[in-house]
Amino acid sequence: MKIPFTLIFAGLVGFAVLTGCHSTRFSFGVMSDVHLQGGNLQQRQILDSVIFLVNNAGKIIREGTGLSVRKPSGLFVTGDLTDSGTQEAWKEFEEIFGLNGEGRLEMPVYETFGNHDGGVNGTVREGIRTRNTMRKGVVMTSGNGLHYAIERCGHLFIVLGSYPGDRWDPECEWCHYFNESFREAEGSLGFLEDALKTNREGRNLPVFLFFHYGWDDFSMLWWTQAEQERFFGALKDSRISGIFHGHNHQIDAYSGQGYDVFISGSPQRGEKAGETLFVSVTRGEIRVFVLSGSGVQELTLNDPGDN
């Protein structure tokens, strides 16, 4: 059963001016698996160091590679914002990341939920629902208020929760180990189908997609082959520029069914800082860089035959 979605057009011109977007040259960040615990001082210090990298990404890449890139106009966080979905951890996320650039992060943040963020009507999902009503640049939201799309720089960015699904599929064997409602995708696949159809019939903008599970071995346990086939069917005839996910805490880039897929890593590696991705788009050419405490490195796609 599809959840209806809402179109919102107000304020797009003002948003483009505020973020300094240019449709032929822009950039954004991608992070995943923050796992905030709430009250863990060491974790906050590590995250502060990664936020510093994101805020200064343009300078770091220029000094590390010699390339001139634009300042990121936003950061997408692809789930597991918290470690267990508590109110304390969610409050900490809001304090650190802000919403429209007023937190320690000096840019808008576009987050979604993962399997660690609690279930239906939990603190994190309800928080995201509320924030979506205040988030700048939103042009489409799902009927339940959880999933959303923003338009920026001549592109559509669609944010889809834990994975593109509707109600959890009983064929998902791994899901039977859990009775909690965090396994529910809450209509994200139906929203994606409608959003892409609306885009194709309109301006047919190139699209970036963001969600938590992907196609690594661990992620494949969490959504079924039928759900994945329907997802790829929904992408047909759309201009998909890239797909970003998290979940396995690794950095990787690979081809999935002919689409470029990037795993966003995690900002924490034990007692040390982890990584975040920086995506630079110049006249349709997409380059992805890994930012970490050890410097900057460009991320290239693996051989499609490996996936």
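This briefing describes strands, helices and selected residues of one protein structure. The structure is a predicted model, in which local features need a pLDDT of at least 70 and side-chain atom pairs count only at pLDDT 80 or more, while totals for chains, interfaces and linings use all residues. Residues are numbered from 1 along each chain as its sequence is written, and side-chain values use heavy atoms, with hydrogens and water left out. The average pLDDT (the predictor's confidence in each residue, from 0 to 100) is 86 for the protein, and 86% of the residues score at least 70.

- Helices (H or I, at least four residues) and strands (E, at least two) are DSSP runs, numbered from the N terminus.
- Strand E6 (residues 148-152) is largely enclosed by the rest of the structure, because 5 of its 5 residues are buried; buried means under 20% relative accessible area, exposed over 50% and partly exposed in between, with a 1.4 Å probe and protein chains only.
- From E6, Tyr148, Ile150 and Arg152 point one way, whereas Ala149 and Glu151 point the other way, and all are buried.
- Strand E5 (residues 138-142) pairs with E6 in the antiparallel sense over 3 bridges; two strands pair if DSSP finds at least two bridges between them.
- Thr141 is placed opposite Tyr148 of E6.
- The hairpin formed by E5 and E6 has 5 residues between the strands, and Gly145 in its turn has a positive phi of about 80°.
- On E6 there are also 5 bridges to strand E7 (residues 155-159), and E6 and E7 run antiparallel.
- Glu151 is placed opposite Leu156 of E7.
- E6 and E7 likewise form a hairpin, with 2 residues between them, and Cys153 in the turn has a positive phi of about 55°.

**Helix H5**

- Helix H5 (residues 123-132) is largely enclosed by the rest of the structure, since 7 of its 10 residues are buried.
- The buried residues of H5 are Val124, Arg125, Gly127, Ile128, Arg129, Arg131 and Asn132.
- These buried residues pack against helix H4 (87-97), strand E4 (109-112), E5 and E6.

**Helix pairs**

- Two packed helices are described by the angle between their axes and the distance between the axes.
- The axes of H6 and helix H7 (residues 225-235) come within 9 Å and cross at roughly 15°; axes are lines fitted to C-alpha atoms, for helices over the stretch in contact, and angles run from 0 to 180 degrees between N-to-C directions.
- H6 is therefore roughly parallel to H7, as angles under 35 degrees count as roughly parallel, over 145 as roughly antiparallel, 65 to 115 as roughly perpendicular and the rest as oblique.
- The crossing of H6 and H7 is left-handed; a crossing is left-handed if the near helix is turned anticlockwise from the far one by less than a right angle, and right-handed if clockwise.
- On the H6 side the contact is made by Leu189, Gly190, Leu192, Glu193, Leu196 and Arg200, and on the H7 side by Glu227, Arg230, Phe231, Ala234 and Leu235.
- Helix H2 (residues 41-55) packs with H4 at an angle of about 30°, with the axes 12 Å apart, so H2 and H4 are roughly parallel to each other.
- H2 and H4 have a right-handed crossing, in which Arg44, Leu47 and Ile51 of H2 meet Glu92, Glu95, Ile96 and Phe97 of H4.

**Individual residues**

- Gly74, in the loop between helix H3 (57-65) and strand E3 (75-78), is buried at a relative accessible area of 0%.
- Leaving aside neighbours within four places in sequence, Gly74 is in contact with Phe28, Gly29, Met107, Pro108, Tyr110 and Arg152.
- Asn199 belongs to helix H6 (residues 188-201) and counts as buried at 7% relative accessibility.
- Asn121 lies in the loop between E4 and H5, has a positive phi near 65° although it is a residue other than glycine, and is exposed, with a relative accessible area of 56%.
- Glu186, in the loop between E7 and H6, is not a glycine but has a positive phi of about 55°; Glu186 is buried, with a relative accessible area of 15%.

Definitions and conventions:
Contact means heavy atoms within 4.5 Å.
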